[in-house]
Amino acid sequence: MTGRVIAVGGHESDGAAALTGVLGPEVVRVAGGRELVREVRSARAGGERVCVVPMTLGRDPSLVADAARTLLALDASERAGTVLAEPFGTTAHLVGWLRALATRVPDDRALLVTAPSGDPFSDADLFRTARLVRQYGRHRTVEVALLGGDPGLAEGVRRCRALGAPRVVVLPAAWAVPEPTAVPHTEYGGPLLSGSAAAGVLTSRVREAQDRYERSGDDGVARALAADHDHGHAHSHGPDGHDHDHGHGHGHGHSHSHGHGDTHGTGPDPGGDHHHRTPSHAPRAGAEPPVRHQGAAPDLVPSHRSPR
């Protein structure tokens with residue numbers, strides 16, 4: 001039985017349009033919602049297994065949760081044999097990939113970390129990512145530009161120049177980042193990942209999801225529903241914590257208090273995620289399982305090694 005890999009894109013990839021040329025032709029690219037439902041139903045009607053991969057790089061947890069909710073709307077026969085993989089990347093991966101790009105840039109250049117604007121919380125994550133790139137790199141100036149937001153590309157370049165950088169190198173922190181060929185004193189430092197590297201990561205996500213399903217019957221949907229649990233105003237904690245009732249389908253009808261008891265890894269390795277204490281009834285969203293290379297991958301995509 002053959003299989004179909006469906007890559008779901010959000011604002012980081014302009015609704016999956018920017019994934020063209022990054023992923024091979026064997027991978028179906030959709031924007032989610034009805035497109036996702038149509039592709040899954042088409043594959044299942046033909047007897048194909050399906051693996052859905054949310055193509056976020058860590059800044060769009062709502063993409064993961066929305067994909068899970070969409071799959072819940074399918075009937076039992078369509079959901080059987082359909083799995084939802086872990087997100088393509090986390091913000092920890094994104095920091096690492098950007099740092100790798102930064103090593104190719106001369107020290108006297110400024111780095112401009114650039115991505116399409118999302119919601120205020122996704123945009124704030126981009127500033128955090130840029131700060132970590134600067135913290136563990138060798139470039140004195142690292143700024144942010146939000147395509148379609150504030151500061152935009154031109155303003156980001158102006159800030160870098162005002163800080164004394166002779167030239168500015170744009171580092172793409174998303175799939176959808178145009179090459180700034182028309183912006184003076186600016187160079188393009190991308191792409192974030194080569195086609196072969198992206199294929200390797202995608203293969204790993206598919207293999208992990210399929211292995212998990214075959215071992216335990218876990219299709220990944222229940223865990224993904226909580227991916228955006230801590231994303232947005234409803235979970236923006238003040239300095240004294242707060243009490244609130246959850247009305248978004250976690251299946252618990254009680255209120256609980258969140259304080260700022262978070263423990264953060266502060267060592268020099270930006271690959272470590274922030275470790276937040278999570279209520280026992282809520283799975284930790286975005287947790288990255290170890291990459292498994294052993295074992296034959298299902299007949300979904302060609303096997304590649306995942307970048308370290």
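Among contacts in the protein (heavy atoms within 4.5 Å) between residues at least 6 apart in sequence, 69% join residues at least 24 apart. This is a predicted model, in which local features need pLDDT of at least 70 and side-chain atom pairs count only at pLDDT 80 or more, while totals for chains, interfaces and linings use all residues. Residues are numbered from 1 along each chain as its sequence is written, and side-chain values use heavy atoms, with hydrogens and water left out.

**Overall make-up**

- The protein has eight helices and ten strands; helices (H or I, at least four residues) and strands (E, at least two) are DSSP runs, numbered from the N terminus.
- Of the 308 residues of the protein, 47% count as buried. Buried means under 20% relative accessible area, exposed means over 50%, and partly exposed lies in between, with a 1.4 Å probe and protein chains only.
- The accessible surface of the protein is about 14300 Å², and carbon and sulfur atoms account for 51% of that. Accessible areas come from the Shrake-Rupley method with a 1.4 Å probe; for residues, only the protein chains shown count as cover.

**The sheet of β1 to β4**

- Four strands form an open sheet in the order β2-β1-β3-β4, with parallel pairing; two strands pair if DSSP finds at least two bridges between them.
- Its edge strands are β2 (27-30) and β4 (82-84), each of which pairs on one side only.
- From one strand to the next, the twist averages 25 degrees. Axes are lines fitted to C-alpha atoms, for helices over the stretch in contact, and angles run from 0 to 180 degrees between N-to-C directions.
- Strands β1 (residues 3-8) and β3 (residues 49-54) run parallel and are joined by six bridges. Within this pairing, R4 has V50 in β3 as its bridge partner.
- Helix α2 (residues 61-72) packs on the sheet and touches β1, β3 and β4, its direction making about 160 degrees with that of β4.
- Helix α7 (residues 195-216) also packs on the sheet, touching β1, β2, β3 and β4. The direction of α7 makes about 125 degrees with that of β3.

**The sheet of β5 to β8**

- Another open sheet of four strands has the order β6-β5-β7-β8, again with parallel pairing.
- Strands β6 (142-147) and β8 (186-188) stand at the edges with a single partner strand each, so one side of each is left without a neighbour in the sheet.
- On average, neighbouring strands of this sheet are turned by 30 degrees against each other, direction ignored.
- Three bridges pair β7 (residues 168-172) with β8 in the parallel sense. V169 stands opposite E187 in β8.
- Helix α6 (residues 153-162) packs on the sheet, where it touches β5, β6, β7 and β8, and its direction makes about 165 degrees with that of β5.
- Helix α5 (residues 120-135) lies across β5 (110-116) and β6, and runs at about 155 degrees to β6.

**Helix α4**

- The twelve residues of helix α4 (residues 91-102) should span 16 Å at 1.5 Å a residue, and the end C-alpha atoms of α4 are 16 Å apart, which agrees. The expected span is 1.5 Å times one less than the number of residues in the helix.
- T91, A92, L94, V95, W97, L98, L101 and A102 are buried in α4.
- The buried residues of α4 pack against β5, α5, β7 and α7.

**Aromatic residues**

- The structure holds two aromatic pairs. Rings of Phe, Tyr and Trp (its six-membered ring) pair if their centres lie within 6.5 Å; planes under 30 degrees apart count as stacked, over 60 as edge-to-face and the rest as tilted.
- F88 and W97 form a tilted pair, 6.0 Å centre to centre with 45 degrees between the planes.
- The relative accessible area is 0% for F88, which is buried, and 10% for W97, which is also buried.
- The rings of F88 and W175 have centres 5.2 Å apart and planes at 70 degrees, so this pair is edge-to-face.
- F88 lies in the loop between β4 and α4 and W175 in the loop between β7 and β8, so the pair ties together parts that are 87 residues apart in sequence.
- F88, W97 and W175 form one aromatic cluster.

**G24**

- G24 lies in the loop between β1 and β2, and counts as partly exposed at 23% relative accessibility.
- G24 and S196 are 172 residues apart in sequence, while their C-alpha atoms are 9.4 Å apart in space.
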